[in-house]
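Dear colleague,

Please find below the structure I am handing over to you, together with its sequence.

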Amino acid sequence: MFETQKQTLKSTISRLLKQCKSMRELRQIHAQIITFPYLPQNHYDFLISRLLFFCALSDSGSLSYATNVFRLIKNPQISVYNIMIRAYASKFNDSNDTHMLYSLVLYKQMLGDGIGPDTLTIPFLVKECTARLDDFVGRSIHGQAIKFGLYSDLFVQNSLISFYSACGFLNSARKVFDEMPNRDVVSWNAMIIGYLRSGKLGEALDLFRRMDRRNIITWNSIITGFVQGGWAKEALEIFHEMQNSSDDIVRPDKITIASVLSACAYLGAIDQGKWVHNYLRRSGLECDLVIGTALVDMYGKCGCVESAYAVFKEMPKRDISAWTAMISAFALNGYGKEAFNTFEEMELIGMRPNHLTFVALLSACAHSGLVERGRRCFDMMRHGYMIEPQGYHYACMVDILSRAGLFEEAEGLIRSMPMDPDVFVWGALLGGCQMHGNVELGERVARHLIAMEPANHAFYMNLCDVYSKAGRFEDVKRTRTLMRERGIIKQVPGCSVIEVDGIIVEFSIRGSSELVTEELACILNALGNTLKIENIVHNYNKKLLEAQDL
């Protein structure tokens, strides 16, 4: 009878802990655990560990309270240590710096108590090292895993792959990956994400192709990584592959849609973008702030300003990113007045602009030739909203002035910059020189850019363009000779991308599709023959008229 009561008490308190919503409730439960006179030690230890779990890891808990409880435990077991190590490891982003590496202090204390780590302890410690990018301590924990015979555990190895990838040691991450006797989808994802973050898109794709089973994280990682790495066309191909996949469990989610819309925006693939928008409607996925903003951005970059504005107006809620995307859409397409009208509407509802909003406004001024408004906007940013201009703001302002041929004012602005002007600032000035044929200043700026980045082929080509427009062809030859002597070559072949009937077609100096090339050759030959015929007819008519005059 008495044993039944004790078991009932344990179950009751366990249920209360599970339902606990605040520290006030938890303190009352804690008092019950402490004051009950006949609670067996094993029941007491179990309930304290559950209480500790809530305190340390719940959003409604208190790590300081958990620490006080932990200190009162006479002989903490490995499970209790793991709760506290996990708690401190997960508090890395907390504003309280006193948590720094306290998980490691606890780990050393645990070893001092004669308790070895298990397959949960090591991943918790490695996770903190990953968040801190602390390769020294992380490698030490790797050594501890080997010392205690835990290295072959799947969770330990997965955490080590993520750690080495995050710290930039891809060879070490790949070594752990290759040594794994068994891998799950987390192992493959961790290695793929590591390659994507390091810009090794080809290696990531190779692993992706070798996977037998993929989850939504796999698909989203490869699509997002390709978009961010400049492989937008390949990202769309992977998305279509995902659509045609035999795996019915994996379906595109909001992250997939947002990434695919970014790819469409990058390529200007409006037909693909419209298809994704229609898919969004059919699938029943919520068009939240992120998706809505991505749609506005996509339509704006594809030149469909009306569609962008329609999506923007349909959004039930709009944050600063959505407003900035709409302003950018107007700016990019030369609707300077509409961009500023949208900005004023945003101000009226009390939405505060950020630094990207002013980039969009200054771009609107540049594309619409609104010099005076650009000056006022730049001044408003500094004195009205107390936003200190960054390099990209100065680059926009220099672009506005250079396009208008106001080179003295542009140079004066560059000299007044509180930071060293970067290549984008000087590039904006050079663009104006090329536009207005300012050879003297253009030559000086181009040479300065070459001095800043001697291996960048683009600046040499800009200098050649300045010379050729001025008829200084000897200088063009001299610059090209200098490029050859320095071994300067164009690393990325020039290419252009167009969308034909929803299909992305790339034309590149390195070669294009044979079928497309053949079609183009046929069309060009036909055009050539037409022009020849028209030229013959023109010459015949001209001679006929001359004969009549005689």
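Please bear in mind that the model is predicted.

The helix pair consists of α10, residues 170-179, and α11, residues 185-197. Their axes lie 11 Å apart and the helices pack at an angle of about 165°. Since angles over 145 degrees count as roughly antiparallel, α10 and α11 are therefore roughly antiparallel to each other. The crossing of the two helices, α10 and α11, is left-handed.

On the α10 side, the contact is made by L170, A173, R174 and F177. These residues meet S187, W188, M191, G194 and Y195 of α11. By class, the residues of this contact between α10 and α11 comprise 6 nonpolar, 2 polar and 1 charged.

I turn now to the pocket. The largest pocket has a volume of about 520 Å³, and 21 residues line it. Nearest the centre of this pocket lie K301, S328, V359, A360 and S363. Two or more lining residues are given by each of the elements α17 (289-301), α19 (320-332), α21 (355-368) and α23 (391-403). Helix α19 provides the largest share of the lining, with 7 residues. In terms of residue class, the lining of the largest pocket holds 10 nonpolar, 7 polar and 4 charged residues.

With kind regards

Definitions and conventions
Residues numbered from 1 in each chain as written. Predicted model: local features only at pLDDT ≥ 70, side-chain atom pairs only at ≥ 80, totals over all residues. Heavy atoms only, no water. Axes fitted to C-alpha atoms, helices over the stretch in contact; angles between N-to-C directions. Helix = DSSP H or I, 4+ residues; strand = E, 2+ residues; numbered from the N terminus. Parallel < 35°, antiparallel > 145°, perpendicular 65-115°, else oblique. Left-handed = near helix turned anticlockwise from the far one by under 90°. Contact = heavy atoms within 4.5 Å. Nonpolar A, V, L, I, M, F, W, Y, C, P; charged D, E, K, R; others polar. 1 Å grid on protein atoms, 1.4 Å probe; cavity = no way out; pocket = protein on both sides within 12 Å on 5 of 7 lines; lining within 4 Å. Points joined across faces, edges and corners; volume = space filled by probe spheres on them.
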